[in-house]
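Hi everyone, thanks for coming. Please have a look at the chain on the screen while I talk.

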Amino acid sequence: MSSIRKATVDDASRIAEILIFNKRTNYRRIFNDDHGSFCELQVYPTAKKYMDNPETLENIWVYEDDFAKGMIHIEGDFIAELYVDTFFQNEHIGAKLIEFACEKNCKYLWVLEENVRAISFYKRHGFELTDEKKYEDGYDVLLVKMQRDS
């Protein structure tokens, strides 16, 4: 049976896998930074960071269906991260996670301007592009703010 629950230290390696493989798959073409994608982004150090600092999991929830298949990181009314394991995309897991965030009164998020697929996903779930933009730290890549009214 599927559920969305608070992440625990036991989820650290799955969360790290989901994050790293999504970021490599979706962002490599945008950032054009193989060193960052394959040297800096590593599963083990990311998982270890969560295990060594369990408080970093405080605002992370996982979508579980036998095991963690997706995750969402919520900070107040801000969606900081939402990722679904690439093997389980198109199974409505992202939709369930975004609905969960909306139930928690999340109002906005930042998305890479070039990530058209993500922008389209968020639009389908009631978020609209705003005029606010900012650069991703350390890169010449723009993030755009998306917001929902209700």
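I'll walk you through some salt bridges and then the strands around them.

A quick word on the ground rules: this is a predicted model, where local features need pLDDT of at least 70 and side-chain atom pairs count only at pLDDT 80 or more, while totals for chains, interfaces and linings use all residues. Residues are numbered from 1 along each chain as its sequence is written, and side-chain values use heavy atoms, with hydrogens and water left out.

So, how many salt bridges does the structure hold? There are 11, where a salt bridge is a side-chain nitrogen of Lys or Arg within 4 Å of a carboxyl oxygen of Asp or Glu.

Let me begin with Glu58 and Lys6, whose closest N and O atoms are 3.3 Å apart. Glu58 sits in the loop between α3 (43–52) and β2 (60–64) and Lys6 in strand β1 (residues 3–6), so this pair ties together parts 52 residues apart in sequence. For the element names, helices (H or I, at least four residues) and strands (E, at least two) are DSSP runs, numbered from the N terminus. Glu58 is partly exposed at 47% relative accessibility, and Lys6 is partly exposed too, at 36%. Here buried means under 20% relative accessible area, exposed over 50%, and partly exposed in between, with a 1.4 Å probe and protein chains only.

Next comes Lys23 with Glu81, at 3.7 Å between the closest N and O atoms. That pair links distant parts of the chain: Lys23 is in helix α1 (residues 12–31) and Glu81 in strand β4 (residues 78–84), 58 residues apart. Is Glu81 buried or exposed? Glu81 counts as buried, at 16%, whereas Lys23 is partly exposed at 21%.

Then we have Asp65 and Lys69, again a salt bridge, 3.7 Å from N to O. Lys69 is buried at 9%, while Asp65 is partly exposed at 28%.

There is also a network of salt bridges, linking Arg5, Asp11 and Glu64.

Now to the strands. β1 and β2 pair in the antiparallel sense over 4 bridges; two strands pair if DSSP finds at least two bridges between them. Arg5, from that network, stands opposite Val62 in β2. On to strand β3 (residues 68–75): 5 bridges join β2 to β3, and the two run antiparallel. Glu64 has Ala68 as its bridge partner in β3. The hairpin of β2 and β3 has 3 residues between the strands, and Asp66 there takes a positive phi near 80°. As for cover, 4 of the 5 residues of β2 are buried.
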